[in-house]
Amino acid sequence: MDQVIDADLVPETDTGSASAAAPVSPAPAPATAPRPCQITFGGMSATEALRGEVHAWLNRLGALTATMTGGRVLIDVLDQGRSERRYQVRMELAMPRGVVVVGLDHPSNRAHEDIYVAIRNAFRGARRELEVYFREHPPT
């Protein structure tokens, strides 16, 4: 399986002196602040349009991803040999107190013949999982 990794948004380390005990809260980040996320394409070519779609959905999650420390999104092609390709999106969003996973078994994350619908459904599932995460780990 060919994999292309989008390393555009791997977070840079800050060598300045910052407080190590920064409060964890789902405070909104500016809309232009990129979320640190690695995008991998399996069995297909990477496109800027798909990268842009993933980043747009990360921004749409707003405050829920403001404290995200990293993430991985895999866009995979299923049934490559068939005339009807189906797409599956899996993701792991690293948060300060755990990892939110939307995998193949998530009810809203079924394979779809439209790649943009597959991305949308995965991020809708991610929204629900992030809401559960913040109920279990309220901001201090």
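Which residue in β3 is the bridge partner of Ile39? The legends below take up this pairing and then turn to the core and the aromatic rings.

These views show a predicted model, in which local features need pLDDT of at least 70 and side-chain atom pairs count only at pLDDT 80 or more, whereas totals for chains, interfaces and linings use all residues. Residues are numbered from 1 along each chain as its sequence is written, and side-chain values use heavy atoms, with hydrogens and water left out.

**View 1. Strand β3 pairs with β2 and with β4.**
The bridge partner of Ile39 is Val73 in β3, and β2 and β3 run in the parallel sense over 5 bridges; two strands are said to pair if DSSP finds at least two bridges between them. Helices (H or I, at least four residues) and strands (E, at least two) are DSSP runs, numbered from the N terminus. With β4, β3 pairs in the antiparallel sense over 9 bridges, and here Val77 stands opposite Tyr87. Of the 9 residues of β3, 7 are buried, where buried means under 20% relative accessible area, exposed over 50% and partly exposed in between, with a 1.4 Å probe and protein chains only.

**View 2. The largest nonpolar core has 30 residues.**
A nonpolar core is a set of buried Ala, Val, Leu, Ile, Met, Phe, Trp, Tyr and Cys residues joined through side-chain atoms within 4.5 Å. Ile75, Met91, Ile119 and Phe123 touch the most other members of this core. At least two residues each come from β2 (38-42), α1 (48-60), β3 (70-78), β4 (86-95), β5 (98-102) and α2 (115-136), and the largest share, 9 residues, is that of α2. Leaving aside residues up to four places away in sequence, Phe123 touches Val54, Trp57, Leu58, Leu61, Val73 and Met91, a contact being heavy atoms within 4.5 Å.

**View 3. Trp57 and Phe123 form a stacked aromatic pair.**
Rings of Phe, Tyr and Trp (its six-membered ring) pair if their centres lie within 6.5 Å, and planes under 30 degrees apart count as stacked, over 60 as edge-to-face and the rest as tilted. For Trp57 and Phe123 the values are 6.2 Å centre to centre and 15 degrees between the planes. The pair links helix α1, which holds Trp57, to helix α2, which holds Phe123, across 66 residues, and both Trp57 and Phe123 are buried.

**View 4. Tyr133 and Phe134 form an edge-to-face pair.**
The ring centres of Tyr133 and Phe134 lie 5.0 Å apart, with 80 degrees between the planes, and both residues are buried.
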